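Subject: Structure handover

Hello,

Please keep it open while you read.

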Amino acid sequence: MRARNFGEVLITALIKATGYSAIVFVTMIFIFLLREGSPALTEVKFSNFFQLRWYPIEDYFGILPLIGGSLLVTLGAALFAVPLGIASAVFIAEIAPRWAREVLKPLVEVLGGLPSVMLGFIGILIIAPAMRTLLNIPTGLTAFTGALLLGGMAIPTIVSVAEDALDAVPNTYRDASLAMGATRWQTIWRVTLPAARSGVLTAVMLGIGRAIGETMTVMMVTGNAPVFPTGLSNLFKPVRTMTATIAAEMGEVANGSVHYHVLFYIGIVLFVISLIVNLTAASVVFRQRKRAERILS
Amino acid sequence: MVNAAPALPVDHADRVIKIKIEGLSVSYSDGTESLSGISLLIPDRAITVLFGPAGGGKSTLLRTINRLNDLADVVEVRGRVLLDGEDVLSPKTDVISLRRKVGMVFARPVVLPMSIRRNLTYGLELSGDRDETSMDEAVERSLRAAALWDEVQDRLDEPAVSLSGGQQQRLCLARALVLQPEVILLDEPTSGLDPISTGKVETSLTQLKQDYTIVLVPHSVQQAARTADYAAFFLGGELIEYSPGRQIFTNPTDQRTEDYVEGRFG
Amino acid sequence: MTADMNASLGPQKTAGVSASRRKRIERLGFAGMSLAALLTVAPIVLIVVHIYSNGLPAISWEFLTAIPRDGMRAGGILPAIVGTFWLTLGTAVIAVPLGVGAAIYLAEYAADNRWTRTIRIAIINLAGIPSVVYGLFGLGLFVLFLQFGTSLLAGSLTLAIMTIPVIISTAEEALRAVPNSFRVVSVSLGGTQWQTIRKVVLPQALPGILTGVILGLERAAGETAPILFTVAAFFLPRLPHSIFDASMALPYHLFVISTQVPGMPIRIQYGTAVVLLTFVLGMNVIATIIRSRARARRQW
């Protein structure tokens with residue numbers, strides 16, 4: 001009896017420890033990013049960060065072009081991934097027959113599992129050349145190509161989370177709408193989708209979050225020119241994202257150099273952005289769930 | 001206010017009292033199903049029935065006896081529940097061995113997702129028993145006591161979910177018997193069962209009361225009347241009336257008891 | 001709810017628009033949605049078909065088992081395959097106990113208080129951190145501070161921390177799906193909490209947990225950014241000998257040979273892509289099979 005009790009106490013303690021490990025990890029990540037990145041704040045004049053040239057060799061550390069690049073590519077990705085993703089989720093959850101659903105869901109999951117380097121690979125071998133010939137531009141490695149592929153990576157996230165949210169809407173809502181004479185189409189847009197609103201919003205935010213954080217694909221296909229995108233024409237010119245900058249230049253910097261610190265600093269910026277996006281997405285879900293519980297009880 | 005437990009009538013004075021409940025009050029964090037100042041005697045080798053409308057506190061009382069209430073959101077427990085003279089509510093109680101002494105059957109048949117045999121030996125597994133022959137004996141013994149042996153003896157290794165609802169519930173009864181408890185608590189065990197299965201369960205209980213203390217929450221007044229050696233009427237968390245079986249149904253003392261028994265509310 | 005619906009559907013409007021017109025709108029709408037779904041799904045099929053058709057010819061026994069030669073323009077990709085294998089294994093060894101343990105804690109033990117909410121926020125955060133930031137973290141902590149150097153150890157640790165949130169969320173869901181009545185029954189028979197978890201809850205949740213683990217490892221196997229600075233070697237024509245060795249890895253290899261090496265035969269590029277794709281798809285298929293078989297066999 002005593003032996004079993006001791007073993008049980010031990011296991012319970014271990015489990016509790018692993019439970020708190022997530023907090024430990026996040027803290028560690030933040031600390032180490034700070035450790036290597038905060039020197040940049042003293043080594044580089046603050047105004048340097050906010051000018052429009054990123055040319056570390058000559059001490060130009062303007063991160064605006066990088067932020068601009070990330071924004072342009074992410075927005076472009078969102079512009080086509082969000083409608084396509086939501087529409088696909090609606091199709092899978094509400095319209096498709098059972099057999100189609102059994103085929104589509106695994107396929108979307110496969111797309112979500114494709115390594116980013118593989119999409120980048122397809123990008124440089126097929127899509128970029130196609131863009132170049134089709135649109136008659138000097139190079140196919142542009143923000144647009146990046147946006148296209150990033151959208152392809154964001155769609156599976158949006159589809160699976162949104163589809164779950166739509167699935168969770170109780171059938172009674174749909175039944176009530178149909179009983180009033182609405183068509184299935186009207187029901188989807190006026191009843192089901194609004195009811196799943198917070199879940200769909202979460203899906204979109206998580207998808208965008210994934211797009212912002214993507215590295216390899218954008219590094220391979222956006223041309224890696226840190227030019228601040230001033231207008232829509234820049235969509236078809238090369239850009240550079242924050243993530244690609246870190247990945248591309250980290251291998252070439254000297255340990256402890258200013259450039260090295262600045263790259264970590266960009267990492268901190270990315271960390272904070274992802275924090276904001278994900279916390280907002282999560283709080284939407286929590287708030288909605290609480291409201292739902294109050295209504296249903 | 002601790003009430004003295006209402007005494008049993010003179011002609012039952014030689015009964016051994018298995019469980020003595022003194023001034024028990026229980027309240028949950030959300031205010032539901034509380035008990036206030038319950039005092040009750042539960043004799044050994046008899047069926048004591050706790051009946052009354054929903055929300056009266058009967059399930060709470062059962063779950064307090066085997067400390068299953070520890071899993072729920074209980075805010076306050078006052079009073080004493082003495083099993084063989086020892087207070088089960090005391091912090092020094094070995095809850096694990098208490099639950100082996102006091103078996104429970106729930107309202108919906110909950111079979112574990114295992115074979116029939118393993119459902120039964122699960123309790124022995126938990127206590128570290130490993131002897132195969134004694135396990136087989138326990139399986140047969142408890143299935144016979146629950147009147148299920150004939151129906152399942154050839155398929156002990158099939159999944160328990162393949163049984164019908166009535167069979168599953170009798171399996172749950174057998175499962176509680178395997179550990180050779182002293183007390184069996186049953187919380188509306190036949191709700192949702194067809195009349196034949198209900199009859200089989202009631203017959204088993206009548207057999208079992210010769211060796212066990214049985215506390216039963218029935219799902220109808222009629223079942224209470226059929227099975228009770230002693231009956232307690234609960235209303236809104238209070239014990240209204242308590243007496244030997246026949247009496248409370250044919251000649252209740254309290255008006256509320258009579259109203260309920262006559263079906264004027266419920 | 002009903003008031004909202006009445007307002008939006010509007011009795012007058014419904015009566016005014018003819019039924020056949022509404023039907024036509026519906027048919028168009030459905031067609032549009034199915035087009036969207038097709039646009040989403042077709043590229044996947046096309047990509048997979050394209051890579052296999054161009055890459056399978058490159059696959060040979062030599063390709064899979066030989067060391068690269070001539071600056072990786074010839075020979076095989078064995079070190080990359082072995083490296084990815086070890087990294088995936090290392091990730092599993094670290095991430096699975098931590099992730100499943102944390103999931104058990106959240107599903108079975110944790111009370112609903114501020115600490116638990118903090119844990120959940122931390123997990124959401126971890127899940128959203130960009131992979132390149134994980135790479136930076138791995139560089140800062142494991143490679144430099146703890147002085148593991150560019151090694152399988154540093155790479156596995158980095159990938160593991162990245163994979164843990166994925167495992168936690170799927171495992172917790174699988175544990176919560178197990179009906180609570182099982183736990184109550186086990187406790188009523190004298191079981192302790194850990195006995196209940198070990199004997200009833202975990203076995204029932206195992207397929208779901210396994211699926212989550214495999215999908216998490218699938219992602220870890222395909223990631224490049226976290227291993228860029230922590231383990232990946234550009235051209236290492238030998239197999240790693242210890243966990244402190246740097247190593248090649250399939251995703252990084254694909255990246256390098258498609259962007260950094262002039263004159264790389266296209267056959268080898270597609271061949272490497274095929275191997276990586278097969279590894280990733282294979283895990284996906286296994287996870288799907290486990291999931292559907294478990295659903296069929298479920299006893300509740």
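Is Asp129(B) buried, partly exposed or exposed? Bear in mind that the model is predicted. Asp129(B) has a relative accessibility of 39%, so it counts as partly exposed, because that class covers the range between under 20% (buried) and over 50% (exposed). You will find Asp129(B) in the loop that connects α3 (116-126) to α4 (132-145) in chain B. Together with Asp131(B), Glu132(B) and Glu137(B), it belongs to a patch of negative charge on the surface.

Next, strand β7 of chain B.

Strand β7 (residues 183-187) of chain B is largely enclosed by the rest of the structure, because five of its five residues are buried. In a regular strand, side chains alternate between the two faces of the sheet. Val183(B), Leu185(B) and Asp187(B) are on one side of β7(B), while Ile184(B) and Leu186(B) are on the other, and both faces are covered.

Which strands pair with β7(B)? One is β6 (residues 102-105) of chain B, which is parallel to β7(B) and joined to it by four bridges. Another is β8 (residues 213-217) of chain B, also parallel, with five bridges to β7(B). Ile184(B) is a handy place to look: Gly103(B) stands opposite Ile184(B), and Ile184(B) also stands opposite Ile214(B) in β8(B).

Chain B also has an open sheet of four strands, in the order β2-β1-β4-β5, with antiparallel pairing. Its edge strands are β2 (35-43) and β5 (86-87), each of which pairs on one side only. Between β1 (residues 17-28) and β2(B) there are six bridges, and the two strands run antiparallel. To find this pairing on screen, look for Leu24(B), which stands opposite Ile38(B) in β2(B).

Last, two residues with backbone angles to check.

Gln180(B) has a phi near 50°, which is positive although the residue is not a glycine. Gln180(B) sits in the loop between α6 (165-178) and β7 of chain B. In chain A, Asn224(A) is another non-glycine residue with a positive phi, about 55°. The loop that holds Asn224(A) runs between α11 (216-221) and α12 (242-250) of chain A. With a relative accessible area of 26%, Asn224(A) is partly exposed.

Regards

Note on methods:
Residues numbered from 1 in each chain as written. Chains lettered and ligands numbered in written order. Predicted model: local features only at pLDDT ≥ 70, side-chain atom pairs only at ≥ 80, totals over all residues. Heavy atoms only, no water. Patch = residues over 30% accessible without salt bridge, like charges linked within 9 Å, V, L, I, M, F, W, Y side chains within 5 Å. Areas by Shrake-Rupley, 256 points an atom, 1.4 Å probe, with all protein chains shown as cover. Salt bridge = Lys/Arg side-chain N within 4 Å of Asp/Glu carboxyl O. Lys, Arg positive; Asp, Glu negative; His and termini not counted. Charge placed at Lys NZ, Arg CZ, Asp CG, Glu CD. Buried < 20%, exposed > 50% of the residue type's maximum accessible area, 1.4 Å probe, protein only. Pairing = 2+ DSSP bridges.
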